[in-house]
Amino acid sequence: MRKPAEPVAPEISAEDFFTADIRLGTITRAEPFPEARKPAYKLWIDFGEAVGEKRSSAQITDLYRLEDLVGRRVLAVVNFPPRQIGPVRSEVLVLGVHDNSGNVVLLEVPAHADVANGVGVS
């Protein structure tokens with residue numbers, strides 16, 4: 001977790017940055033993840049036709065209720081290798097920032113924005 005007072009990370013090239021495929025997706029389903037070591041949810045996220053629906057695990061239980069997650073439009077890295085987290089295969093890394101209490105705040109695109117699922121960060 002990076003804190004606001006931390007120094008800037010070492011410089012990288014634009015090519016380095018663009019190797020991370022960060023795309024917009026819509027959460028279509030969210031479930032509890034009681035087997036996780038730290039409180040987390042299981043998420044299913046639709047990234048559009050080219051990528052499809054992917055699963056992830058997210059430690060966002062402090063600020064988000066399950067019933068409030070479906071329909072949120074989030075940013076995620078879609079080209080990391082899948083990770084096995086207990087019984088869940090996490091296929092994407094959902095992006096967020098930590099608030100002053102250390103809770104994860106999702107990086108989102110407003111629902112009213114006319115942006116399709118699967119569009120990449122530019």
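How many bridges join β1 to strand β2, and in which sense do the two run? β1 and β2 (residues 41-46) are joined by 6 bridges and run antiparallel. Strands here are DSSP runs of E with at least two residues, numbered from the N terminus, and two strands pair if DSSP finds at least two bridges between them.

The model is predicted: local features need pLDDT of at least 70, side-chain atom pairs count only at pLDDT 80 or more, and totals for chains, interfaces and linings use all residues. Residues are numbered from 1 along each chain as its sequence is written, and side-chain values use heavy atoms, with hydrogens and water left out.

In β2, Tyr 41 is the bridge partner of Pro 32. β1 also pairs with strand β4 (residues 73-77), in the antiparallel sense and over 5 bridges. In β4, Ala 76 is the bridge partner of Arg 23, and Val 77 is that of Ile 22. Strands of a sheet pair through backbone hydrogen bonds, either parallel or antiparallel.

These pairings belong to an open sheet of 5 strands in the order β3-β2-β1-β4-β7, with antiparallel pairing. Its edge strands are β3 (53-58) and β7 (93-94), each of which pairs on one side only.

Thr 26 lies in strand β1, which spans residues 22-32. Thr 26 has a relative accessible area of 17% and is therefore buried (under 20% relative accessible area; exposed is over 50%, partly exposed in between; 1.4 Å probe, protein chains only). Neighbours within four places in sequence aside, Thr 26 is in contact with Trp 44, Ile 45, Asp 46, Gly 71, Arg 72, Arg 73 and Asn 117, where contact means heavy atoms within 4.5 Å.

Definitions and conventions. Helices (H or I, at least four residues) and strands (E, at least two) are DSSP runs, numbered from the N terminus.
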